[in-house]
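Visitor: I would like to learn how to read a helix face, a ring pair and a core. Please take me through them with an example.

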Amino acid sequence: MNIWKCEKEHHQCGQMIEHNAGIPRCRAYLRDHKNVTERKTKYLTWHRIIKNAENSVKAATTYARPRNCIRDGKLVDSASPAEPYIAISYVWDARPSFKEWEGRQVTEQALHIADRLSKHTSYALWIDTICIDQNNEPVKMVELAKMADIYRGATAVLCLVPEVDQTTSRVVEHGTGMMDLDGFRALEDAGDTHGMYMFASQGSNESLHELFSSRWWTRAWTFQEAVLNRITFLVGEKEETVPISDVLKISHPISRRAATQGKDSLLGQLSSFWDSVHSMSDAMKVNMYMPLGTAISSVWRRQSTVTHDMAYSLLGVCRLETITPDYRLPVEKVFADLVDKASSKGDFSWLRWSHLIDRDAACEGMSMVPVPATVLATPASAITEWRSIEVPSQMSVARGGAVGVCIPHRSTGVIRWQSQPEDIKGIINMLQKLSYGPEDIWNLLFGLHVGLACDVDRAVGGSGLAQALLNLATGYIDGTFKSGGSVDDLVGDKPHTRGIGFTAYASMAAKVWRNAQLVVMRSQGGTTVVPTGHSGTGQARLHRLPVESHTGTCLCLVVHDCTKFRASAIGVMVKNDHAGSGSWQFTRFS
């Protein structure tokens, strides 16, 4: 299987390092491809898997139960008896056809699904349009609030994806098998994003293009439906079955390649799509709840018929079920309530997205509140994990606007010096003159958009790459180097050496500040770099936010005295040695 287009000893595949020796990528691929093929394994169908595990299946008793299920074509009461059921995830027809059934309006599509699946199992099924009375608004709101528990408590979740067929099943199983062998692991250790992509996708296999073209991946609600239960399958029209965990496994190398390549799309999808898909695997690893900032990176790159659902579809996976869905509220109020509730539980991870807000255009109360449109416009999430830090629990709101979001912060002092606006190269030169090292400069400029320098080092198996990252990124920006082709990730006949995968992250950085004007701001406690254009005037102050990386690098907030309850900008802060910060304050920023 020559996905590399190599001919005899004329290699176009590039080299890789395995067991301290160089080897053409194509040879390692063919060796591992043969090993996986000889296993002759095959996924079982979902009903065989459930049947085989029947003796160990027990109804979940720790989650809220659905009011109704459907069994043998009849609506049954499932709220009281501890009876196992299977939950169904699917995408409604674009123009659903309704009919009267058992005293309620249901879609013909849902009835067809129930009839088809019931032929293969005696378990009750939970299908939303059948089991929730769509015309009974009070009951509907109660059941919507239980949606996450309904999927968590199911015996299994079936995600109906018509694009799944036998070929897709084989390709996914083969790709995950390749990822478990020495060749892929060597590529992963070296940060070789192109090689990892080729091994996992089997050279951009057309079946993966078809699988990920499904509408199912684009809908907001399917996110939580797919990640809340570990026994979850993608199911085709002829009951072909693929564990979603395996699909998400191969999405990781695809998403990283999509984010770092020069082309607009990969396997027919933008990098923001792949970032959304890969975030699902992060959600499945979380036992209790997913930080809101991580969930946003996936769901807000999807679509919903009603904008409110971009918030309400997050409630279950983020454990924010105390919010009662209310579709009569203005959408701005819905998003503000979402982040405010997360903050009240100590989850400030959503602040990582607040740097994208156009504060001049934001309406009152929304200067710190990210919305789906801003996240959707971002090609990929940074590789750095920004996490909440613990703050004193007994703080009361001492000040703030009449509306907005309450956020803890610590002052690092007034801005003592601010540069004139400069383009990216001018800012780099200025920071160098101010004696900042390459790692600090990279973090200030690209830490929020691409990832901190130490995380890039770790991702590509190198160390101390910040200066090379800066040199290459500025070269891409001013045209000295051309992004993509054989330079980016060394695709082609050049040898691949450990750590050289940084080139892909430099190409990501080159897209961040094109045509932008930036300023450096320095307080007693630290330094940040933010874009110009904020509307604040008067004396500015720099505040630490309760979000930081695993190395302690934190995010910061710029606030001007004339608009002290309205944020001006957010950036990464490089702390000054031995400089302290004020005590934690709690302010409602409008």
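The dialogue below goes through these topics in turn.

Guide: This is a predicted model, where local features need pLDDT of at least 70, side-chain atom pairs count only at pLDDT 80 or more, and totals for chains, interfaces and linings use all residues. Residues are numbered from 1 along each chain as its sequence is written, and side-chain values use heavy atoms, with hydrogens and water left out.

Visitor: Which residues of helix α8 are buried?

Guide: An α-helix has 3.6 residues a turn, so residues three or four places apart point the same way. In α8 (residues 182-189), the buried ones are G183, F184, A186 and L187; buried means under 20% relative accessible area with a 1.4 Å probe, protein chains only. Helices are DSSP runs of H or I, at least four residues, and strands are runs of E, at least two, numbered from the N terminus. G191, which follows α8, has a positive phi, near 70°.

Visitor: How are the rings of W216 and W217 placed?

Guide: A pair of aromatic rings is described by the distance of the centres and the angle of the planes. Rings of Phe, Tyr and Trp (its six-membered ring) pair if their centres lie within 6.5 Å; planes under 30 degrees apart count as stacked, over 60 as edge-to-face and the rest as tilted. The structure holds 13 such pairs. For W216 and W217 the centres are 4.9 Å apart and the planes at 85°, so this pair is edge-to-face. Ring pairs also join F212, W216, W217, F273 and W274 into a cluster.

Visitor: Is W217 buried or exposed?

Guide: W217 is buried, at 1% relative accessible area.

Note on methods. Buried means under 20% relative accessible area, exposed over 50%, partly exposed in between (1.4 Å probe, protein chains only).
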